[in-house]
Amino acid sequence: MRFLPTDEQSDFARTLRSLLGSAQVPAAVRAWADGEHGPGLALRSRLAGTGLFALAAPESYEGAGLLPLELALGFVELGRAGVPGPVVESAAVSVLLSELGDEALAKRFLPGLVAGEAWAALTLPGGSPYALDADAAAHCFTVSAAGELWLAAPTSGEALRSTDPARRLSRPAAAGGELLAAGPAVARAAGAAGRWARLLTAAQCLGVGEALLERTVGYVKQRSQFGAPIGSFQAVKHRLADALLALEFARPLVWAAALSLTPGDVAAAKLRCGEAAYRAAMTALQLHGAVGYTEELDLSLWLRKARPLRDAWGTPSECRAEVLRSVTPG
């Protein structure tokens with residue numbers, strides 16, 4: 001059995017990496033953190049041109065089909081580049097609408113999401129009550145514990161800042177929204193959307209960890225101490241090797257989760273990828289020293305993402321509990 005991406009899937013990932021490498025993403029991230037969404041929205045349009053957002057919608061609604069493995073590969077690249085915005089949430093909303101089976105709702109919202117003309121924020125029962133980047137999203141969806149799908153009214157009040165300044169969190173308005181659907185179908189669709197959101201966040205974590213490790217390896221080759229590059233020191237090599245191993249062991253869990261989409265596999269992938277990204281961040285910070293945390297250095301953009309992404313769509317404790325439920329009889 002060949003448990004590796006196909007040539008076509010690898011080509012797609014390389015295309016995204018090339019596009020993002022020439023797109024001045026750090027400048028877009030800084031603008032996003034300052035409340036200027038223009039560069040981020042322009043980047044969204046370029047990503048839509050690759051067909052990335054179409055991977056979370058059926059062909060009948062201008063999508064490419066629900067293809068979690070290909071989408072996960074793409075989201076590794078989004079994490080590696082540090083792309084801002086509710087990319088995970090928009091994909092999860094596409095899945096929710098696709099799984100819901102309501103043709104009118106799908107026709108109303110999916111074409112815009114697939115074409116990169118709109119982003120969507122999302123909250124689900126059992127998850128965080130805060131919607132990510134609702135101020136930049138065209139739509140804010142929320143599913144209640146009673147199995148009701150609401151299109152929330154525009155949020156009021158100032159958004160909360162995350163550890164990552166490019167992430168803004170706000171509570172969807174409690175009143176004034178539009179009830180879109182209700183019943184068991186909503187609960188089932190919300191469960192599927194939650195698993196996709198967790199999977200894609202795991203993929204983002206993997207990409208963030210890879211970016212941090214790559215930049216740290218480059219730095220320790222250049223930074224000298226006692227007349228030698230610090231990368232030649234045994235203690236530095238051990239830290240880098242530990243970070244690399246954590247990422248390499250997490251990677252196949254993402255592919256396995258994308259193939260099965262079972263709650264236990266997805267939770268295991270999210271747990272390992274989140275912890276691996278956080279380990280890479282701590283390694284990068286230690287080996288860069290205090291300079292690593294300065295806002296002027298691009299490295300800080302990834303350092304500040306590792307912890308919020310580790311906890312988004314399933315904290316480590318929540319993921320461990322899910323993995324235990326999946327392996328416990330009865």
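Me: Which residues lie nearest the centre of the largest pocket?
Reply: G127, S128, R198, W313 and G314 do, out of a lining of 31 residues. Here a pocket is an open set of 1 Å grid points that fit a 1.4 Å probe, with protein on both sides within 12 Å along at least five of seven lines, and lining residues have an atom within 4 Å of a point. This is a predicted model, in which local features need pLDDT of at least 70 and side-chain atom pairs pLDDT 80 or more, whereas totals for chains, interfaces and linings use all residues. Numbering starts from 1 along each chain, and side-chain values use heavy atoms, without hydrogens and water.

Me: Which element gives the most to that lining?
Reply: Helix α7 does, with five residues.

Me: How much space lies in the largest pocket?
Reply: About 740 Å³, the space filled by probe spheres set on the points.

Me: How do the lining residues divide by class?
Reply: The lining has 14 nonpolar, nine polar and eight charged residues, with Gly counted as polar.

Me: Changing topic, at what angle do α4 and α5 pack?
Reply: Helices α4 (residues 68-81) and α5 (residues 87-100) pack at about 165°, and their axes are 12 Å apart. The two are therefore roughly antiparallel, a term for angles over 145 degrees.

Me: Which residues make the contact?
Reply: L71, F75 and L78 of α4 meet V87, V88 and A91 of α5, contact being heavy atoms within 4.5 Å.

Me: And which classes are found there?
Reply: The α4 contact with α5 has six nonpolar residues, with no polar and no charged ones.

How values were computed:
Helix = DSSP H or I, 4+ residues; strand = E, 2+ residues; numbered from the N terminus. Axes fitted to C-alpha atoms, helices over the stretch in contact; angles between N-to-C directions. Parallel < 35°, antiparallel > 145°, perpendicular 65-115°, else oblique.
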